[in-house]
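Work through the following exercises with the sequence and the structure at hand. Each task is followed by a solution in steps.

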Amino acid sequence: MGGYLADMAELLGEFNILGAFWVNVQLTFWSAVFAFIIGTVLAVMRVSPAPSLRWAGAMYVNIVRNTPLTLIILGCSLGLWGQLGVILASNEAGRVDITANSFRLAVLGLSVYTAAFVCESLRSGVNTVPAGQAEAARAIGLGFGQSVRMIILPQAIRGAIAPLGNTLIALAKNTTVAQAAGVVQAASVMLTMIEFRPDLMVAIFLVVALGWVLIVLPIGLVTTFLSRRLGVAR
Amino acid sequence: MSTVLFDAPGPRTRRRIFALNVVGAVIVLGVLAWVLWGLAGKGQLTAAKWNPFLTESVWGDYLLVGLWNTLRAAAVSIVAANVFGLLFGLGRLAQSRLVRGICGTVVEFFRAVPVLIMMIFFWNVFSYVPGPWGGDAPFYGVVVGLTLYNGSVIAELVRSGVHNLPRGQREAGLAIGLTPAKSLRLVEVPQALIAMMPSMISQLVVILKDTALGYIITYSELLRSARLVGSTFANYIPALIVAAVIFIVINYTLTWVAERVARRLSSRTAGTTRPAGPATADAGE
């Protein structure tokens, strides 16, 4: 048993598992930023008065939500880069910086995918606002812009915190799928470690799993706290 | 349509909406045209790239084989995940604090770990440990990974389904002399199960999409066979598009069924039958 633990400690020393998790955190951060931007635009389109924009927003959400993330990420790396020659990062010599390019393509895929869920979370936030609130706003003479800005949105965003938190957790876990674009992160390091020492497989899995629990639990606790704290009591 | 946001539009607003609609349509069509033009410019819309999909061999030898493997893994996983979910969901509602604690920990653990990490682990377990699975390690890796994750999600559905029933259901059960365990088994769980049907169908979509993760652990599912078509006929992009269309059609149909089922079942339970919102539906992949 002592030998097993010593072997595991040695293995963890050889592989930069913390660095690998850091890549997942970075993927999560950038994808969350872009997904939030795209998702907000989509949500605005889906509640806008113009039918063409509503239709386009709904099409986007229905297509993206029903496509596997692995396919989207593979499409970004194999399709956009491999076939169409889209390059998002190059070094000083003008050549493709493969590591950075894969990273950015993975961020692109994750953002495009997660945006659909951000949009639905925001929309479900709008749906938590009772119609009476908007009717009351109109009754006291507020216009569309005023009632959206002062009555609907403040309540809708607070109602959307819980679903947005779930989306963020799903996004964090989904960053492992960047494996399909060749980004070296926790899943890849786990693969190499198991290949290197298959006898330590269970310990490797438990260490990596623990890392994920440590990433996911705080996000869950914070968003639950925020949604309770900021949620509108009805 | 969110009636919360708009009043019935007057003539001036109607003109403004019309203008906005035209602008929106132009932008949407412009983006579509830009994408198609870009694809055509790179020679992706030529007949040579798309003709293979009119041949029998591409479907018979690649895509349908992959689709069958995808559906097979998804079907086994959904059955196993339901069994797992029901057991652990009931475990989380048990009287004994110990059982509740153990089941709660197991469920929370498998919900926190990415499916891909579990698939990689079990794929390796099945490859290194000899057993009846033989050379089918990727298949079992996919199935076990999907079962543990989605089973945990279903366990949560069972628990929240029971908690969301009106309290009177349990009180009535106790009032007619049932023990808490019997009230759970005879009154609450049957209604909770009906109430969660739509969410479970939505979970099918998650499982079906997540089988594509099997691509990474060399399981020859639809995505992998599409890639094989791409490398054989030098048409990666059309192959990926066709695979995406197949996934979308199946998943869209499942989502539609979930909505129909939700409407039909609402009279048979005291709980609410709504398909899972994005909050739970996206939790997988």
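**Exercise 1.** Find the residues that B:Thr272 contacts, leaving aside its neighbours within four places in sequence.

Solution. Two residues are in contact if their C-beta atoms, placed from the backbone, lie within 7 Å. By this criterion B:Thr272 is in contact with B:Asn164 and B:Ala195. The model is predicted: local features need pLDDT of at least 70, side-chain atom pairs count only at pLDDT 80 or more, and totals for chains, interfaces and linings use all residues. Residues are numbered from 1 along each chain as its sequence is written, with chains lettered from A and ligands numbered from 1 in the order in which they are written.

Helices here are DSSP runs (H or I, at least four residues), numbered from the N terminus. Finally, take the C-alpha distance to B:Gln191, which is 81 residues away along the chain: 9.9 Å.

**Exercise 2.** Decide whether B:Thr272 is buried or exposed, and do likewise for A:Ile72.

Solution. A residue is buried if 20 or more other C-beta atoms lie within 10 Å of its own, exposed if 12 or fewer, and partly exposed in between. B:Thr272 is exposed because it has 12 other C-beta atoms within 10 Å. A:Ile72 is buried because 22 other C-beta atoms lie within 10 Å.

A:Ile72 belongs to helix H4 of chain A. Beyond four places in sequence, its contacts are A:Thr67, A:Gly109, A:Val112 and A:Tyr113. Its C-alpha is 9.9 Å from that of A:Ala181, 109 residues apart in sequence.

**Exercise 3.** Locate the bend in H7(A) and list the buried residues of this helix.

Solution. The bend at a residue is the angle between axes fitted to the seven residues ending there and the seven starting there. H7(A) bends by about 45 degrees at A:Ile152, and A:Pro154 follows within four residues. The buried residues are A:Ser147, A:Val148, A:Ile152, A:Ala156 and A:Gly159. They pack against H5 and H6 of chain A.

**Exercise 4.** Describe the side of chain A that touches chain B by its residue classes.

Solution. Start with the totals: 57 residues from chain A and 46 residues from chain B take part in the contact. H4(A) gives the largest share of the chain A side, nine residues. By class, that side has 38 nonpolar, 16 polar and three charged residues. Here Ala, Val, Leu, Ile, Met, Phe, Trp, Tyr, Cys and Pro count as nonpolar, Asp, Glu, Lys and Arg as charged, and the others, Gly among them, as polar.

Methods: Helices (H or I, at least four residues) and strands (E, at least two) are DSSP runs, numbered from the N terminus.
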